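Hi there,

Here is the structure I promised to pass on. Have a look at it first, and then read on for my notes.

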Amino acid sequence: MVITMKLDSATGSLTHLFWMTPEQQILWLRYHDVIMHDNTCKTNRYNRPLSLFVTPDNNLKTRIVAQAIVDDESQFSYEWVFQCVKEATGVAPKVFVTDGDPAVNAAVAIQFPNAFHMHCIWHISQNLPKQLKGKLGSSFNDFIKDFYKARNSLTERQFYERYLLTTLFCLFCYIL
């Protein structure tokens, strides 16, 4: 079992806690090709973010392969957690899927520079209405249809063609 802690030097209180069971370490080593990372939003009794790492196994079951509780969602905290994973496994993910938080993005670039980092489509689709509905107004529904059409492309070329059209549509609506 790997357990790593960080204490506040002034107060001695626990600020970071990372743990992996031996079974989780084996799962990480076996299925590290694609790792997904996300935080809960301070829903535990300690009012702290719970950082979870999950991966699909060879039966497409989602498996939790590491976890941490930290006192904040800063770049420093994410770097610390990602460093703990590296020390516990010695293996970086090949593909790393995250929610797109800027602090996570910066930490991934530092701790997993060779991983193919991508943002979760669910998180992107949750942010689209928040960021664009007011700006696009009545054109938002047309944009969403085009966005999902691009997302569902079967080839990279098709995606880029559709993406370009969707981006141009969005810019055109925003300018008007």
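**What I found**

The protein has 6 helices and 7 strands. Please keep in mind that this is a predicted model. Going along the sequence, the order of elements is β-β-α-β-β-β-α-β-α-β-α-α-α.

As for overall dimensions, the C-alpha atoms fill a box of roughly 55 × 40 × 25 Å along the principal axes. The accessible surface is about 10900 Å², and carbon and sulfur atoms account for 58% of that. Of the 176 residues, 35% are buried. If you take the contacts between residues at least 6 apart in sequence, 46% of them link residues at least 24 apart.

Strand β3, which spans residues 34-39, contributes the most to the lining, with 3 residues.

Finally, a word on cysteines. The structure contains 0 disulfides. C84 counts as buried because its relative accessibility is 4%, under the 20% cut-off. C120 has a relative accessibility of 21%, so this residue counts as partly exposed.

Best wishes

Conventions. Residues numbered from 1 in each chain as written. Predicted model: local features only at pLDDT ≥ 70, side-chain atom pairs only at ≥ 80, totals over all residues. Heavy atoms only, no water. Disulfide = S-S within 2.5 Å. Buried < 20%, exposed > 50% of the residue type's maximum accessible area, 1.4 Å probe, protein only. Helix = DSSP H or I, 4+ residues; strand = E, 2+ residues; numbered from the N terminus. Contact = heavy atoms within 4.5 Å. Areas by Shrake-Rupley, 256 points an atom, 1.4 Å probe, with all protein chains shown as cover.
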